[in-house]
Amino acid sequence: MASVNQTFVVVPRTGPSKAPAADRVHNHAEIYADFAPEAGKGQASRCAQCGVPFCQSACPLQNNIPDWLRLAAEGRAEEAWRLSEATSTMPEICGRICPQDRLCEGACTLEQSGWETVTIGSVERWLGDQAFENGWVDPIRPRAEKGQSVGIVGAGPAGLAAADRLRSAGYAVTVYDRHDRAGGLLTYGIPGFKLEKHVVGRRVDRLIDGGVEFRLGVDVGGDLPFADVRAAHDAVLVATGVYQARRLTAPGCGSDGVVAALDYLIASNRKSFGDAVLAYDDGPLNAAGKKVVVIGGGDTAMDCLRTAIRQGATSVTCLYRRDRDNMPGSARETTNAEEEGVVFEWLAAPRAVLGGASGVTGVRAQRMALAAQSADGRWSVEPVPGGEFDVAADLVIEALGFEPEDMPTLFAEPDLALTDWRTIRTAGHTKATTLEGVFAAGDIVRGASLVVWAVRDGQDAASEIDAWLSSQRRAAA
């Protein structure tokens, strides 16, 4: 072996150790461990250093993946970390929850040429965790204060990423969020078995230590008018995400026992913090002892399925109207769910929720068949004649995605323009809205998407806000 890199011909792809399904379903701890040092170096060394970094181009953050893999393989872990954090404010978080099979790892040259892909996400996580353990994560200490302030509405990944970059640049930053803890879906949407809460907490703590002010439990547009936020700051970033659940319209969907995915996940995550959650303790948002059906095929559906298993459901079934190859969620998460006992009913669409005044008893579903493929590769489906069947259920969880709230009405800003999809409209490829000094980023602009895209948008928005405020200072000089 002439080089510490390009060892893919002799070193097989091996992921980090994973807790056995029989053990992990009894707790909400992360199921993957970090690499041991030699294993991490060995997996990083598999990178072909191909000179055509498709992995980098497939990463929304354009991370310098081949370069930090090379440094990690050479035992230069701190240098590798420095390179990974140069383009990402949350590498250890993205390393845990990104669907790498659809992004960097799926585009890897080795994967495309018949060799197994490099374990990019696991190496990224390993480097990030080492950084926190070894004190490589520098505190935020701006070289100079700019004398201007930015208000950020939303403490999710886009808002946190923007706060990191803006505070580092010397702006006073205040983050407002309706929840009592920062992190958005990182805290209340994603279960601990994928992302333990201390991982998010240490990022928030770093921002607080660096001077970012968090005003939590504040509903902007409700108890705090948006106009007051604008008046208090030189610029404002809207990074609220999209939280309004899409709901089924089939008969019986309004019955007791039919719940929205986010309500269910928030209740579970709150319990993990030790909070008193009446809807969980009294049973409506608790799967213990119940037959559970989850409708949907994205990552949120996977989170609900795997949470229900951990809560002690007697059976957990997923209904998805397309087949496995056309699921929007991560293939890794689907495999994990199957290992944990989830039953998948592919090509099955809900037709009605069964039950009565006493609650839900089941879901009537319809077998579907793939019909035609659109230009974007998405398959339409059509019913299979005579293909109805019933699945027993005491709890039905709708995981059909999310839509934006009515932001102009919520913020009392009729001049805040929206797109046809009711997301906030921004000018061209910028983050500027139709309101002077107001910018927007993350899901509230692009619709429900990946955390890594929210991080990218937050970082880009911070750069634009910095440029705009700099121009305001020059004009005032």
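This is a predicted model: local features need pLDDT of at least 70, side-chain atom pairs count only at pLDDT 80 or more; totals for chains, interfaces and linings use all residues.

Me: Which residues touch the most other members in the largest nonpolar core?
Reply: Leu69, Val123, Ile152, Leu166, Leu186, Phe214 and Leu237 do. That core has 71 residues.

Me: And which helix gives the most to this core?
Reply: Helix α20, residues 451–476. It supplies eight residues.

Me: Is there a second core, or what else is there?
Reply: There is a separate one of 29 residues. Tyr264, Leu265, Leu285 and Ala337 are among its members.

Me: Back to Ile152. What is it in contact with, leaving aside neighbours within four places in sequence?
Reply: Gly159, Ala162, Ala163, Leu166, Val173, Thr174, Val175, Tyr176 and Leu237.

Me: Now the surface. Which residues form a nonpolar patch there?
Reply: Val9, Val10 and Trp115. Together they have about 290 Å² of accessible area.

Me: Where does Trp115 lie?
Reply: In the loop between α8 (109–112) and α9 (120–134). Trp115 is partly exposed, because its relative accessible area is 39%, between the 20% and 50% cut-offs.

Me: What does the side chain of Asp275 make a polar contact with?
Reply: The side chain of Arg181, at 2.9 Å. Beyond four places in sequence, Asp275 is in contact with Asp180, Arg181 and Arg270.

Methods
Residues are numbered from 1 along each chain as its sequence is written. Side-chain values use heavy atoms; hydrogens and water are left out. A nonpolar core is a set of buried Ala, Val, Leu, Ile, Met, Phe, Trp, Tyr and Cys residues joined through side-chain atoms within 4.5 Å. Buried means under 20% relative accessible area, exposed over 50%, partly exposed in between (1.4 Å probe, protein chains only). Helices (H or I, at least four residues) and strands (E, at least two) are DSSP runs, numbered from the N terminus. Contact means heavy atoms within 4.5 Å. Patches are made of residues with over 30% relative accessible area and no salt bridge: like charges are joined within 9 Å, nonpolar side chains (Val, Leu, Ile, Met, Phe, Trp, Tyr) within 5 Å. Accessible areas come from the Shrake-Rupley method with a 1.4 Å probe; for residues, only the protein chains shown count as cover. A salt bridge is a side-chain nitrogen of Lys or Arg within 4 Å of a carboxyl oxygen of Asp or Glu. A polar contact is a pair of N or O atoms within 3.5 Å; within protein, one must be able to donate a hydrogen and the other to accept it, and residues adjacent in sequence count only if both atoms are side-chain atoms.
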